[in-house]
Amino acid sequence: MEDLIGKTITSTVGNLIPFYLYEAEQETYPYAVYYYTPDFYSTKDGVYKISADVTLQVYSQDFDEAYSYAEQIRTALEQGMNTSRFRTRMSATSKECVEGVWNVEYVYNIIQLI
Amino acid sequence: MAAELGYNIAFKIGGKTLTGRTQDDLTITPTIKESITKDDAGNKNQQVSGQEVTFSCQGLVVLSLASGETNKLTRDEIVEMALATGSSAVVAFTYRPSSGKQLSGNCVVTGYSESSNSEDEATYTVDFKTTGALTFTTPV
């Protein structure tokens, strides 16, 4: 069973905002990054589920812009990744400003089924 | 030393594994008769008259199989087995690691339970007890 969580997140929200894994490749605001560590669950016959707490951070020099993108991403994920293959639920959120750059962070629990 | 990985050990009913299987437990409990006479000078004697052999299997509730998965029992088939009575309740089993000897014989279901909550996959536990003679041989 292949981990499709990252690929599917990217295809679902990658057209909304410059979107990267772990860190931005260009320092042009706004942008978003995501990262996660998958946990694999198995029966004796093989993997049947992959679960991951996915951290998704939106960076912008304007809070309203960062928050708006974070909400657009949330809507896209909840609509596009609640299917027969994926279950997505937001589990935590935080917001902080460091040296004038806002980081709006949402954490999702995403489960990929067979 | 090569320890056997758990997923290599298969408990089968009628040649089929239980679908969604996550754990198979085998328990062999000797039936022991204890005796003591005055001549034993206080030392008890133990005589094994037989064994009680049970299996406890756990897995995910799976209602339908993928195409081509003909070697597994679905949840409905397991429940039907648990509801059987009389001679229909006696089923043939095998229990074997990836190699080595196989334990085989007949068994009956002694318990079936399902567990479901609002977060995780539904799971089942089904318990078996052997009936009649058992064989412990290397399959040809």
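1. Basis. The model is predicted: local features need pLDDT of at least 70 and side-chain atom pairs count only at pLDDT 80 or more, while totals for chains, interfaces and linings use all residues. Residues are numbered from 1 along each chain as its sequence is written, and chains are lettered from A and ligands numbered from 1 in the order in which they are written.

2. Elements and overall dimensions. Chain A has two helices and six strands, in the order α-β-β-β-β-α-β-β from the N terminus. Helices (H or I, at least four residues) and strands (E, at least two) are DSSP runs, numbered from the N terminus. Along the principal axes, the C-alpha atoms of chain A fill a box of roughly 50 × 25 × 25 Å.

3. Burial and contact range. A residue is buried if 20 or more other C-beta atoms lie within 10 Å of its own, exposed if 12 or fewer, and partly exposed in between, with C-beta atoms placed from the backbone. Of the 114 residues in chain A, 26% are buried. Two residues are in contact if their C-beta atoms, placed from the backbone, lie within 7 Å. Of the contacts in chain A between residues at least 6 apart in sequence, 57% join residues at least 24 apart.

4. Helix α1(A). In this helix (residues 5–13), the buried residues are Ile5(A), Ile9(A) and Val13(A). Seen down the axis of α1(A), they fall within an arc of 35°, so they line one face of the helix; the arc is that of the directions from the helix axis to the C-beta atoms. An α-helix has 3.6 residues a turn, so residues three or four places apart point the same way. Lys7(A) and Ser11(A), on the other side of α1(A), are exposed. The cover over the buried residues includes β2, β4, α2 and β6 of chain A.

5. Cores. A nonpolar core is a set of buried Ala, Val, Leu, Ile, Met, Phe, Trp, Tyr and Cys residues joined through C-beta atoms within 7 Å. The largest has 24 residues, of which Val54(A), Val58(A) and Ile73(A) touch the most other members. Elements α1, β2, β4, α2 and β6 of chain A each give two or more residues to this core, and β4(A) gives the most, with six residues. Leaving out residues up to four places away in sequence, Ile73(A) touches Val13(A), Leu16(A), Ala32(A), Leu56(A) and Val58(A). A second, separate core of 14 residues includes Ile13(B), Ile78(B), Met81(B) and Phe128(B).

6. Strand β5(A) (residues 86–98) is hardly covered, with one buried residue among its 13 residues. β5(A) pairs with β6(A) in the antiparallel sense over 12 bridges; strands pair if DSSP finds at least two bridges between them. Two residues lie between the strands of this hairpin, and Glu99(A) in the turn has a positive phi of about 50°. The bridge partner of Cys97(A) in β6(A) is Trp102(A).

7. Pro38(A). This residue is in strand β3 of chain A and is partly exposed, with 14 other C-beta atoms within 10 Å. Neighbours within four places in sequence aside, Pro38(A) is in contact with Asp3(A), Ile5(A), Ile50(A) and Ala52(A).

8. Interface. Four residues of chain A are in contact with six residues of chain B.
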